[in-house]
Amino acid sequence: MSGGAKLHVCVAEVVPVNDLITRFRFVAVDGSALPAFSGGAHTVVEMDDHGLRRLNPYSLMSNPKDRSGYEISVRRDDQGRGGSLFMHQHVRVGMEMVLSYPVNLFPLDSRAKRHLMIAGGIGITPFLAQIAQLTHFGGKFELHYAARNRALGAYMDRLTAAHPTAVHCYFDDEGQAIDLGRVLSMQPIGTHLYVCGPKGMINWVLSTAEGMGWPKLALHHEEFLAPGTGLPFTVELAASGMTVTVGTAQSLLEAMEAAGVDAPYLCRGGACGQCETNVQICDGTILHRDHWLTPEEHAENAKIMPCVSRFEGRTLVIDR
Ligand code: FES
């Protein structure tokens, strides 16, 4: 499935949240209710960037009960490949766009007696939808949310006003940091831990929890990697009988799509496993950038995740 069926939407709101983050609201072009989703789901936004097709995943942050529209928040990345800049600079109210159906790779675990959430920066967005969902069903949660400074703490006011005892905020520039060991040690049995934010934060939270004996089944994280830039390379697609060249600012998945090859994906960020592709010949080095394959699989070079990983060398032939 290459992203599945599409949703045709219209941009209903564009709201600057702070210096880096802008919120977008989409409604169906025909005015109908959008498909249901659950907290933690994401959608892939398709952009026509002056002839260049960009597809970026964003967490849905609106209340899952509200099917009149979807909301996302986009953090501008001035060093990125251009998707967030396109959203900030070119998307306006009234524009028609295409979204994927929502997919949830970061759902609340219904077995949890309590939900402990840890967010860093723009990683707050999936938690906004999850908290709305938990509030509706009376679920217990506790949120620890860190931002670089008060000005960049998107939605902190809204969260602390609605949930004053459950939400705890931290600001890097004020020397504040979550006392993770203490927070983890105070949770009742049956608590599940969710973390979304920068890679370093995710690794720190998960390794600390594992070190304290938290069961792996109770640990959940979400991190979509942006496909990085790199040297151009060519790939032979065995099933399609084609050779494609992957540009400096293009992913292998995007290069295949541009060549008309129907390649599967869900997250486009190295997390879901949907794009996993067998490698037939590798004379060179695969630059594995996903966190789906195991370290052993990375070392074997028998598989590649085309949404984020690249290649340097003489020959790469894959099963596509
Ligand atoms: S599309 Fe999800 S890992 Fe590549």
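Rings of Phe, Tyr and Trp (its six-membered ring) pair if their centres lie within 6.5 Å, and the pair counts as stacked with planes under 30 degrees apart, edge-to-face over 60 and tilted for the rest. Keep that in mind, because here ring pairs link Phe106, Phe127 and Tyr194 into a cluster. The model is a predicted one, where local features need pLDDT of at least 70, side-chain atom pairs count only at pLDDT 80 or more, and totals for chains, interfaces and linings use all residues. Residues are numbered from 1 along each chain as its sequence is written, and side-chain values use heavy atoms, leaving out hydrogens and water.

**The sheet and its helices**

- An open sheet is built from 5 strands in the order β10-β9-β8-β11-β12, with parallel pairing. Strands here are DSSP runs of E with at least two residues, helices are runs of H or I with at least four, and the numbering starts at the N terminus. Two strands pair if DSSP finds at least two bridges between them.
- At the edges sit β10 (167-171) and β12 (219-222), each pairing on one side only.
- On average, neighbouring strands of this sheet are turned by 15° against each other, direction ignored. For angles like this, axes are lines fitted to C-alpha atoms (for helices, over the stretch in contact), and the angles run from 0 to 180 degrees between N-to-C directions.
- Look at β8 (residues 114-120) and β9 (residues 141-147): they run parallel and are joined by 6 bridges. In this stretch, histidine 115 stands opposite phenylalanine 141 in β9.
- Helix α2 (residues 125-137) packs on the sheet and touches β8, β9, β11 (191-196) and β12, with its direction at about 155° to that of β8. Contact means heavy atoms within 4.5 Å.
- Helix α5 (residues 199-211) packs on the sheet too, touching β8, β9, β11 and β12, and its direction makes about 160° with that of β11.

**Aromatic rings**

- Searching the whole structure turns up 4 aromatic pairs.
- Phenylalanine 106 and tyrosine 194 make an edge-to-face pair, 6.2 Å centre to centre with 80° between the planes. They are 88 residues apart: phenylalanine 106 is in the loop between β7 (103-104) and β8, while tyrosine 194 is in strand β11. Both are buried (under 20% relative accessible area, with exposed over 50% and partly exposed in between, using a 1.4 Å probe and protein chains only).
- Phenylalanine 233 and phenylalanine 311 have ring centres 6.3 Å apart and planes at 65°, so this pair is edge-to-face as well. Phenylalanine 233 belongs to strand β13 (residues 233-237) and phenylalanine 311 to strand β17 (residues 310-318), 78 residues apart. Both of these phenylalanines are buried.

**Nonpolar cores**

- The largest nonpolar core has 27 residues, and Met117, Ile124, Phe127, Leu143, Tyr145 and Leu159 have the most contacts inside it. Such a core is a set of buried Ala, Val, Leu, Ile, Met, Phe, Trp, Tyr and Cys residues joined through side-chain atoms within 4.5 Å.
- Elements giving two or more residues to this core are β8, α2, β9, α3 (156-162), β10 and β11.
- Apart from it lies another core, of 26 residues, including Val244, Met256, Ile286 and Leu293.

**A loop residue**

- Arginine 92 lies in the loop between α1 (83-90) and β6 (96-100), and is partly exposed, with a relative accessible area of 44%.
- Not counting residues up to four places away in sequence, arginine 92 touches Val11 and Val14.
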